Amino acid sequence: MGVAGMDDDGEVALAGWLDDEERARAARFHFARHRRIYIAAHALLRAWLGRRLGLAPTVLRFTAGARGKPDLAPSQMPLTPDGRPALRFNLSHTAGMVAIAVTADPETAVIDLGVDVEAADRLGDYDARIARGFFAEDEAAALEALPDAADRARRFLTLWTLKESVIKATGAGLSQALSGFSIRFPAGWPGPGLLPDIEARDPPLAQGLAWHLMHQDYDGMHLAAGLLCQATLPPPHWRITPMTPARLLSGATP
Ligand SMILES: CC(C)(COP(=O)(O)OP(=O)(O)OC[C@H]1O[C@@H](n2cnc3c(N)ncnc32)[C@H](O)[C@@H]1OP(=O)(O)O)[C@@H](O)C(=O)NCCC(=O)NCCS
């Protein structure tokens, strides 16, 4: 959801959907643009989850994992027939954009998911030393082997976004070494139907489960999602639903 069109009235209205803790956190942002993004993100998440659960956005309650990954309070979490959480979600924000990933009903193959959105104007961030310092060796080498500087910058940001989505899916965040797994791109990438692949070496990432990765240029942004799924089930489908703060306030749900 782009937040460029969100005015003061919109911010106040959407802040009314948050709980006291979220409003207190929003009030602590130094810059209004950061506060606005935070409020928009949490209101959108509440609207989306509320719709899925048949609950008003305001009544949702959240908990957080050991490293801060938000989840629904156990009393509100629907379960799969085998007792796992049936609704997985994650959110990401960057300048001017909020991205929420939510599993679709009745998707039960997804164990967990992560999402990351980065502004494409961060393309200038490519630095071979950063890639060598943080990414897996083969990823850094593949980047350096790209002959065109613009392609290297684009691939760097694509990789960054995808890798963030993976460490957010497990909930480990930056405590998970980015070099502990490699993301590889098929020949012809980016092209229709082509998806990146992952080799997960560090134990928390693999464990007999299957990863499905998605990356897309969207509205001047890089958008990536990583899904950790039961290996025995077919890969899930992706769908991106555009949203605006005005539509959200008018009752439209994603
Ligand atoms: C998760 C993390 C990678 C996000 O980085 P980022 O690119 O700056 O931020 P994004 O906009 O993509 O995502 C932020 C959102 O991810 C979610 N999030 C927070 N921690 C998360 C985690 N461990 N895993 C997945 N998602 C997480 C939150 O919803 C957060 O939004 P909010 O602050 O508005 O609630 C990074 O903050 C991190 O590694 N955190 C872990 C910190 C930690 O280890 N803490 C230990 C003590 S609690």
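Strands are DSSP runs of E with at least two residues, helices are runs of H or I with at least four, and both are numbered from the N terminus. Two strands count as paired if DSSP finds at least two bridges between them.

Before going on, some ground rules. This is a predicted model: local features need pLDDT of at least 70, side-chain atom pairs count only at pLDDT 80 or more, and totals for chains, interfaces and linings use all residues. Residues are numbered from 1 along each chain as its sequence is written.

Strand 8 (residues 209-218) and strand 9 (residues 221-230) are antiparallel over 10 bridges. Two of the bridge partners are tabulated here.

| Residue | Bridge partner in strand 9 |
|---|---|
| Met214 | Ala225 |
| Trp211 | Leu228 |

The hairpin of these strands has two residues between them, and Asp219 takes a positive phi near 50 degrees there.

Zooming out, the protein is divided into domain 1 (1-84 + 239-254) and domain 2 (105-236), with bounds from an automatic or database domain assignment. Their C-alpha centres lie 25 Å apart. Eight residues of domain 1 are in contact with nine of domain 2, contact meaning C-beta atoms, placed from the backbone, within 7 Å.

So where does the ligand sit? Both domains give residues to the shell around the ligand, so it lies between them. That shell has 19 residues, and the closest are Gly68, Lys69, Ser92, Gly173 and Leu174; a residue belongs if its C-beta atom, placed from the backbone, lies within 6 Å of the molecule. Helix 3 (32-53), strand 3 (89-94), strand 5 (110-119) and helix 6 (149-170) each supply at least two shell residues, and strand 3 gives the most, with four.

Note on methods:
Two residues are in contact if their C-beta atoms, placed from the backbone, lie within 7 Å.
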